[in-house]
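Colleague: I would like to go through this model and ask, for each term, what stands behind it.
Modeller: Go ahead, and I will set the values against the definitions.

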Amino acid sequence: MTRILLYGAPAHGLVEIPPGAVQVSPLSPGSEDLAAQPDASADRILVLAPGGTIERDHVLAQALRVLKPGAPLLAFAPKDKGGGRLKKALERFGCAVVEDARRHHRFCNVVRPDQPREIDQAIAAGAPRVVPALGVWSQPGVFSWDRLDPGSAQLLGLLPPLAGRGADLGCGVGLLAARVLASPAVTALACVDVDRRAVECARHNLDDPRVTVLWADVRRIVGEAGLSDLDFVVMNPPFHDGGTEDRNLGVAFVQAAAAMLRKGGVCWLVANRHLPYEAALAEAFSAVTVRSDAGGYKVIEARR
Ligand SMILES: C[S@@+](CC[C@H](N)C(=O)[O-])C[C@H]1O[C@@H](n2cnc3c(N)ncnc32)[C@H](O)[C@@H]1O
């Protein structure tokens, strides 16, 4: 049987997706893991390449590892998000690249060389590891993978000890969750993220019987068992979807948090100052207090 893999979610009509292609992007809950595919097992791979250099090279090297010798790889990316550097990245691995451009994207067609070069190094460079500065498991490609995000740092500086059952929406590798769990009055914490890599790191980092880690899109799990009548929610909501700024995503997180909380429950969140969440917060919560507004971030306590 022909095995075709697809990494990422290209815009409609950008490339022809072969029928039966198996999704292997970590940002697609339920997908297979590219890193877990056997060597030389795929007949064809299409990769919407991520913008970060270490992450991109890791994904391309994994794709070359997984392809059968001589099998085709199509790698593509928006010109202004790394597309212009794809050809060079593939040439580093010993590929002869045929490149073309359309719809603001670069497309690189290669076949898997018999002996790709330097793929082991690129795979190792992008693999999960303990980041000494954070003291936690993380992986290039995960949000703010090797440093504490300044917004999250501000939220951590103000977060009081919480109690009861709660959720960390968009938990990343679990830095907010770890702080929440320092309170012995917390009885259960659901940590949710759409990125499998983050979820796997969070599972390592939050080894605590009170924790449930879910690989899911927050917008699709409102009303699920264990995620209602919560006492608290903490979050640093995302405002990028597939690399493009999407303010509606943050608004959806605000609405999801409100839907998960009991009456009187509290949501602590941090947001970039320019993001207009006020209307959504005012609509979904009975009391909204800005606890700090500094350095481009607002920390907000919202009571349902
Ligand atoms: C701003 S980061 C915060 C990460 C972590 N809480 C921290 O403070 O370091 C937002 C997180 O939301 C995740 N995310 C983005 N879209 C999501 C969605 N639709 N559902 C669940 N998580 C999502 C991202 O993968 C990312 O880890």
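This is a predicted model: local features need pLDDT of at least 70, side-chain atom pairs count only at pLDDT 80 or more; totals for chains, interfaces and linings use all residues.

Colleague: What makes β15 and β17 paired strands?
Modeller: Two strands pair if DSSP finds at least two bridges between them. Seven bridges join β15 to β17, so the two count as paired, and they run antiparallel.

Colleague: Which strand is joined to β15 by five bridges, and is the pairing parallel or antiparallel?
Modeller: Strand β12, residues 230-235, runs parallel to β15 and is joined to it by five bridges. In that pair V233 stands opposite C267 in β15.

Colleague: What is the order of the strands in the open sheet of seven?
Modeller: The order is β11-β10-β9-β12-β15-β17-β16, and the pairing is mixed.

Colleague: Why do β11 and β16 stand at the edges?
Modeller: β11 (211-215) and β16 (287-294) each have a single partner strand, so one side of each is left without a neighbour in the sheet. On average, neighbouring strands of this sheet are turned by 15° against each other, direction ignored.

Colleague: What makes β10 and β11 a pair?
Modeller: The cut-off is at least two bridges. β10 and β11 have five and run parallel, so they count as a pair. The bridge partner of D193 is W215 in β11.

Colleague: Which helix lies across β10 and β11?
Modeller: Helix α6, residues 196-205, does, and it runs at about 165° to β11.

Colleague: What is the strand order in the open sheet of six?
Modeller: That sheet reads β2-β1-β3-β4-β6-β5, again with mixed pairing. Its edges are β2 (22-23) and β5 (98-102); each has a single partner strand, so one side of each lacks a neighbour in the sheet.

Colleague: How do you know that β5 pairs with β6?
Modeller: Five bridges link β5 to β6 (residues 105-111) in the antiparallel sense. At least two are needed, so the pair qualifies. E99 stands opposite C108 in β6.

Colleague: Which strands does helix α1 lie across?
Modeller: Helix α1 (residues 53-66) lies across β1 (4-7), β3 (44-48) and β4 (72-78), and runs at about 175° to β3.

Colleague: Which residues of helix α4 are called buried, and why?
Modeller: In α4 (residues 150-158) they are G151, S152, Q154, L155 and L156. The buried residues of α4 pack against α5, β15 (261-272), β16 and β17 (297-303).

Colleague: Which residues come nearest to the ligand?
Modeller: S152, G170, G172, V194 and P238 do, out of 20 residues around the ligand. The elements that give two or more residues to this shell are α5 (175-181) and β10 (186-193). By class, the shell has 10 nonpolar, five polar and five charged residues.

Colleague: How do you know that the two domains touch?
Modeller: Two residues are in contact if their C-beta atoms lie within 7 Å. By that rule 12 residues of domain 1 are in contact with 11 residues of domain 2, so the domains touch. On the domain 1 side, the residues divide into six nonpolar, three polar and three charged.

Technical notes. Residues are numbered from 1 along each chain as its sequence is written. A residue is near a molecule or strand if its C-beta atom, placed from the backbone, lies within 6 Å of it. Helices (H or I, at least four residues) and strands (E, at least two) are DSSP runs, numbered from the N terminus. Ala, Val, Leu, Ile, Met, Phe, Trp, Tyr, Cys and Pro count as nonpolar, Asp, Glu, Lys and Arg as charged, and the others, Gly among them, as polar. Axes are lines fitted to C-alpha atoms, for helices over the stretch in contact, and angles run from 0 to 180 degrees between N-to-C directions. A residue is buried if 20 or more other C-beta atoms lie within 10 Å of its own, exposed if 12 or fewer, and partly exposed in between; C-beta atoms are placed from the backbone.
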